[in-house]
Each structure stands twice: as structure tokens, then as C-alpha cells.
Amino acid sequence: MSEALITRPFGNTGIDVSPIGLGTVKLGRDQGVKYPNDFTIPDDKAAIRLIDLARDLGINLIDTAPAYGISEQRLGSLLKGQRQNWVICSKVGEEFENGKSCFDFSAKHTRFSIERSLKRLNTDFIDMVLVHSDGNDLNVIEQQEVLEELQRCKQQGLIRAYGVSTKTVAGGLAAAQKTDAVMATFNLDYKDEQPVIDFCEQNNKGLLIKKAFASGHICLAGEDPIQASMDFIFSHAGVSSAIVGTINPKHLTANVAAVVKAIAKNTAAI
């Protein structure tokens, strides 16, 4: 490891995260995904090598969800003996069955989902849990029971922090006001959620970026799209970490190098 990532505070949660996190949808699900190229779910040996590489590169944040097929179950085994090295982020609200998603934001299902994730992940607590919104962000945040149940789980020590993976600007702002964290879409092709990033920075809320490369679709003529994407994302101080879902070791190494370079550029510019 030539250059280690330096962890940073995740809002006011007391959790420190690496500025890049490893997304694990490709460890558990290959149906209904929106990537430009087909992929094969890696076997355990390849998955272990990927996780070991991530850790060696300085990544401590790993992102999963019940909707990611068997991702949680696999991580429960793959992370055995090294739980202390990882900040685990999982989700509630979305289930993926028989090739399609369904959603349940009731208190009962939220509790069931948390308890199931704890068993699957083979852990006593989950560092952060996000609500997997169905797109009706404000309804989920203001009228459903999910946030109240997550607060109870936090009080009981089952989770350390909670928030919402949103799909709208209004939803992101509401989530930032009512919870510890937001996961928002932000990349060179989609900048609409800038107000969410600004609000999180001003109010010391944790902010995760999803689709940093537009699910692999970013393409810039004459430029390195990875470096340009990371330069853009990390020029915004409100960003805590970007979740990148690669299963390619070379891509992961390149992504980390791009983040280190982007943060150095931003620090030098301050």
C-alpha cells in the first residue's frame, strides 16, 4: 500500500469512514442491475481477495443490503474474524425476490429486517442502516413508521446510525433534517442534488454518494473519467464517502488512487 486512505468523521455519528466504500451488490445479485456490462458473481476465493485488497488499500466502509441478493449472507462469512476492521452499512425497506423489488416500510418489517441482517452478517450491531426508498421519499420519511423503528433500534444498540438512501432533492433534505445520514446520487452527469450536499455540510450530517460513475456509464472524451469523477465529487466538502461497487481488483485500486489524488488536490486548493 503506497498511499493509505485517511478516514474522516461521518457527520456527527462518532463513526469514522474511509472516503471510498466498497459496494457489494455484485457479490450477491446479478439480476435486475443497471450496469453497462454483464458480470459473474465472484466465488468466495475471489471475494476474499477483493475484501483483503480493499482493507489493504485503506477502505473500512462496506455497503450491503437485503435487496442485494445473498450479499449479506456472504459478508457474514467473508468478514469472519475481522468485524472490528469494518464499518458496515446495510438497508431496510426493499426486498428483491423473483426478479423484482417490493417495498415495506412498516415498523414490523423494519424490525424483522434489522434482526435478519444481524444474523446474516454475523454481528451484534450494524454501524449504519439506510432506508432503501422506493422513490416516494417524502412519503417514506414523513408518513411511514420506518424512521421511528430505526430510532428505537439505535436506542437499543442494534444500530449506531441511520438515514435514508433517497432519490429526490426534497427527500434528501428531509432525510438530512430527520436522521443521521443521507445517501444521494451525485456525479458528473447528474448534479441536481447539490442542495443536499450543501445542507449536509452545513449541518454536519453523514453523506454517502451512490452512482459516482453513473453505474459505469460516465464517459468523457479525452479525459480520465474516473479521476474527473472523483475530482468533482471530492471538491464538495459535504461528501463523507463515495460507494463504489466494483468486483475488479484493478478497478478498485485505480478508484482508490483517484480518490487519494482528488483529496490531495482539494486540500492543496484550500
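Histidine 236 counts as buried because its relative accessibility is 16% (buried means under 20% relative accessible area, exposed over 50%, partly exposed in between, with a 1.4 Å probe and protein chains only). Histidine 236 sits in the loop between helix H8 (225–233) and strand S12 (241–244). Helices (H or I, at least four residues) and strands (E, at least two) are DSSP runs, numbered from the N terminus. Histidine 236 touches Phe186, Gln194 and Ile197, not counting residues up to four places away in sequence. Contact means heavy atoms within 4.5 Å.

This is a predicted model, in which local features need pLDDT of at least 70, side-chain atom pairs count only at pLDDT 80 or more, and totals for chains, interfaces and linings use all residues. Residues are numbered from 1 along each chain as its sequence is written, and side-chain values use heavy atoms, with hydrogens and water left out.

**The barrel**

- Eight strands close into a barrel, with parallel pairing.
- Their order is S3-S4-S5-S8-S9-S10-S11-S12.
- Neighbouring strands of this sheet are turned by 30° against each other on average, direction ignored. Axes are lines fitted to C-alpha atoms, for helices over the stretch in contact, and angles run from 0 to 180 degrees between N-to-C directions.
- Strands of a sheet pair through backbone hydrogen bonds, either parallel or antiparallel.
- Two strands count as paired if DSSP finds at least two bridges between them.

- Strand S3 (residues 20–23) is covered on both faces.
- Ile20 and Leu22 are buried on one side, and Gly21 and Gly23 are buried on the other.
- In a regular strand the side chains alternate between the two faces of the sheet.
- S3 and S12 run parallel and are joined by three bridges.
- Isoleucine 20 has alanine 242 in S12 as its bridge partner.
- S3 also pairs with S4 in the parallel sense, over three bridges.
- Leucine 22 stands opposite isoleucine 62 in S4.

- Strand S4 (residues 61–63) runs parallel to strand S5 (residues 87–92), and three bridges join them.
- Isoleucine 62 stands opposite isoleucine 88 in S5.
- S5 and S8 run parallel, joined by four bridges.
- Lysine 91 stands opposite leucine 130 in S8.
- Strand S8 (residues 126–132) is largely enclosed by the rest of the structure, because seven of its seven residues are buried.
- Six bridges join S8 to strand S9 (residues 159–165), and these strands run parallel.
- Valine 129 has tyrosine 162 in S9 as its bridge partner.

**Leucine 150 in helix H5**

- Leucine 150 belongs to helix H5 (residues 146–155).
- How exposed or buried is leucine 150? Leucine 150 has a relative accessible area of 0%, so it is buried.
- Beyond its neighbours within four places in sequence, leucine 150 is in contact with Val92, Thr110, Ile114, Val129, Val131, Ile159 and Tyr162.
- Leucine 150 and arginine 116 are 34 residues apart along the chain, and 14 Å separates their C-alpha atoms.

**Helices H6 and H7**

- The axes of helix H6 (residues 169–178) and helix H7 (residues 194–203) come within 8 Å and cross at roughly 10°.
- H6 is therefore roughly parallel to H7 (angles under 35 degrees count as roughly parallel, over 145 as roughly antiparallel, 65 to 115 as roughly perpendicular and the rest as oblique).
- Val169, Gly172, Leu173, Ala176 and Gln177 of H6 meet Pro195, Val196, Phe199 and Cys200 of H7.
- By class, this contact has seven nonpolar, two polar and no charged residues. Ala, Val, Leu, Ile, Met, Phe, Trp, Tyr, Cys and Pro count as nonpolar, Asp, Glu, Lys and Arg as charged, and the others, Gly among them, as polar.

- Most residues other than glycine have a negative phi.
- Asparagine 122 has a positive phi, near 55°.
- Asparagine 122 lies in the loop between helix H3 (107–121) and S8.
- Its relative accessible area is 51%, so asparagine 122 is exposed.
- Lysine 211 has a positive phi, near 55°.
- Lysine 211 lies in the loop between strand S11 (206–210) and H8.
- Lysine 211 is partly exposed, because its relative accessible area is 45%.
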